[in-house]
Amino acid sequence: MLRLASLLQIEADLRSAVDRSEIQFIAANETHRILPYEQIVVWQRTRDGKPRIAAISGVPDPDQKSPFVVWLTRLAQALHRESGDSAPRPLDPADLPDAIAGDWASWISGHAVWCPFRARGEAVDAGMIVIRPDPFAEADLSVIQRLADAYGFAWWALDPRTAKRAVAPASGWFWRLLKPSLLVLFAAAMFIPIRQSALAPAEVTPRDPVVVTSPISGVIESMHVAPNQPVAEGTLLFSLDRTALRNQATLTEKAVAVAQADYQRARQKAFSDPRSKGEVALLAAEVEQKQAELAYHRELLRRAEVRADRPGIAIYADARDWVGKPVTVGEKVMALADPGAIELTLWVPVSDAISIIEGAEILLFLDTDPLNPLQATLVRAAYEAEEGPDGVLAYRVRARLVDPAARPRIGLKGTGKIHGEEVSLFFFLMRRPIASLRRTIGF
C-alpha cells in the first residue's frame with residue numbers, strides 16, 4: 001500500500017509540473033519512494049537527435065565536461081542507436097562497445113537498467129538509466145516500466161508540438177473540417193462586391209472667380225484691401241507707383257501747350273503772309289498728336305488705381321508680398337470671389353486613381369472639423385495629370401457641395417474620399433499590388 005500511495009503521489013506531482021525540468025527532477029530524485037537505487041541518470045534527445053545528460057540524482061546541474069558525464073553521454077548515445085524498442089532492459093557490459101565497456105567498472109559498481117520514456121505506446125525523446133548494486137528482478141522492471149510510462153506521458157504533454165495533436169476524438173471531425181471550411185469562406189469572400197474609393201487632398205476654392213491683373217507694367221505702391229476682406233463694386237484694391245506717369249503727363253501737357261501756341265502764331269501769321277498757310281495744317285496735326293499723348297498718359301494714371309468691378313472677397317496671400325514688387329501687364333495680383341459660390345478642388349494622385357465618373361459621391365473631411373464630413377458631387381475631372389500643389393503628379397477633380405447651406409470658408413483644406421464603381425473584394429485588395437507587379441515585370 002505504501003508503494004501504491006507513493007506511485008499515486010508521483011503521478012500527481014507530474015500532473016502539476018509546468019515544464020520538463022520538473023519532470024527531470026522528479027525522475028532523478030523522487031523515484032526512490034518506490035524503487036531503491038543508487039543513482040538515476042535522466043537523458044534527453046537534443047535537436048540534432050543525439051542524447052545528452054539532463055539530470056543526475058543528487059546533482060543539481062551536471063557538468064557536461066566532467067569525465068563521468070562524458071562517459072554517460074557516450075553510453076546513452078550508443079544505447080540509443082542500438083535499442084530497437086522502448087521496453088526497459090538490464091545492461092550487460094559485454095553487449096556494449098569495447099570503448100565504453102572498458103570503463104564500466106570505473107563508473108558503475110553493480111547493475112543498470114536502460115529505460116526510455118514512453119507515451120501513448122511510443123517512445124519519446126527522453127529516458128533514464130537506473131543504477132544500483134543489487135540485480136533487478138522482474139517486479140522491479142515492471143515498476144520501472146510503470147514509472148517510465150508516467151514520466152513519458154508527462155514529457156509528451158508538455159511538448160507544444162504534440163500537445164496540439166491531443167484532440168478529443170469527439171471533436172476531431174470539427175478540426176479536420178475547420179481548415180478547408182475557412183479556405184472556402186476566404187475564397188467566397190473574395191467575390192463580395194465593394195465600392196472602390198480613393199483619398200485625395202482637397203481644398204475649398206471659389207467657383208468662377210474674377211482674376212484681377214495688373215493693367216499696366218509698373219511697381220505696386222500699396223494694397224488697399226486685406227486678404228479675405230469683403231469689397232464692394234468700385235472699391236480701390238491696389239495702386240501702382242504713379243511718379244513716372246505723373247512726370248510723363250506733366251511733360252505732355254507742356255508739349256500740348258507749346259504746340260497750341262505754335263498753332264495760334266501760325267494762324268495769325270497766315271493773315272499777313274499767305275505763304276505760311278501751309279504750316280497751319282501741319283501744326284494742327286501736331287496739336288492733335290500731343291493731345292492724344294496727353295489723353296493716353298492720363299488714362300495710364302487712371303489705370304494705376306485698380307478698382308473692383310464686382311462685389312466679393314479679395315483672395316490673395318499677404319500684402320507684404322506685393323508692396324514694392326514690379327509687375328507686368330496681365331500679371332495676376334489677386335482674385336475676387338463670391339463667398340457663397342464655392343466648389344471643391346481635389347488632387348487625385350496617379351497611383352491612387354480609380355475609374356471616376358461624373359456625379360460620383362465625394363465625402364469631404366475638413367481638417368477643422370474631421371468628425372462631420374460634407375457630401376459633394378463630382379462635376380468634372382481632368383483627363384491629363386499635372387503637378388499638384390505638393391509636387392505629386394495628380395488629376396485635378398472639381399466637385400460641388402450637395403447641401404447649399406453648407407458654406408465652408410474659402411481656403412480650408414482637408415481630405416476628400418471619392419467613391420467609384422463596385423468591384424470584387426479581391427480586385428479592391430489586389431489592384432495596387434497587381435499594377436505594381438506589372439510595372440516591375442512588364443506584362
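Modeller: Because the model is predicted, local features need pLDDT of at least 70 and side-chain atom pairs count only at pLDDT 80 or more, while totals for chains, interfaces and linings use all residues. Residues are numbered from 1 along each chain as its sequence is written, and side-chain values use heavy atoms, with hydrogens and water left out.

Biologist: How are helix 2 and helix 6 oriented to each other?

Modeller: Helices (H or I, at least four residues) and strands (E, at least two) are DSSP runs, numbered from the N terminus. Helix 2 (residues 20-29) and helix 6 (residues 138-157) have axes 9 Å apart and an angle of about 170°; axes are lines fitted to C-alpha atoms, for helices over the stretch in contact, and angles run from 0 to 180 degrees between N-to-C directions. Angles under 35 degrees count as roughly parallel, over 145 as roughly antiparallel, 65 to 115 as roughly perpendicular and the rest as oblique. Helix 2 and helix 6 are therefore roughly antiparallel.

Biologist: Which residues of helix 6 make the contact with helix 2?

Modeller: Contact means heavy atoms within 4.5 Å. Helix 2 contributes Arg20, Ile23, Gln24, Ile26 and Ala27, and the residues of helix 6 are Tyr151, Ala154 and Trp155.

Biologist: Which residue forms a salt bridge with Glu11?

Modeller: A salt bridge is a side-chain nitrogen of Lys or Arg within 4 Å of a carboxyl oxygen of Asp or Glu, and the structure holds 15 of them. For Glu11, the closest N and O atoms of the pair are 3.2 Å apart, and the partner is Arg146. The pair links distant parts of the chain, 135 residues apart, with Glu11 in helix 1 (residues 2-15) and, in helix 6, Arg146.

Biologist: Is Glu11 buried or exposed?

Modeller: Buried means under 20% relative accessible area, exposed over 50%, and partly exposed in between (1.4 Å probe, protein chains only). Arg146, at 45%, counts as partly exposed. Glu11 has a relative accessible area of 15% and is therefore buried.

Biologist: Which parts of the structure does the salt bridge of Asp149 and Arg118 tie together?

Modeller: The side chains of Asp149 and Arg118 meet in a salt bridge of 3.2 Å, N to O. These parts are 31 residues apart in sequence, since Asp149 lies in helix 6 and Arg118 in strand 4 (residues 111-119). Asp149 is partly exposed at 28%, as is Arg118 at 23%. The elements tied together are helix 6 and strand 4.

Biologist: How many residues apart are Arg302 and Glu299 in helix 10?

Modeller: Arg302 forms a salt bridge with Glu299, with the closest N and O atoms 2.3 Å apart. Arg302 is exposed at 53%, whereas Glu299 is partly exposed at 27%. Both lie in helix 10 (residues 277-303), about one turn of the helix from each other, a separation of 3 residues.

Biologist: What is the relative accessible area of Val397?

Modeller: Val397 is located in strand 19 (residues 393-401). Not counting residues up to four places away in sequence, Val397 touches Leu344, Thr345, Leu346, Val348, Ile356, Leu378, Arg380 and Ala381. The C-alpha atoms of Val397 and Ala381 are separated by 4.3 Å, although the two are 16 residues apart along the chain. Val397 is buried, and its relative accessible area is 0%.

Biologist: Where is His419 found?

Modeller: His419 counts as buried, at 15% relative accessibility. Leaving aside neighbours within four places in sequence, His419 is in contact with residues including Arg195, Gln196 and Ser197. His419 belongs to strand 20 (residues 413-424).
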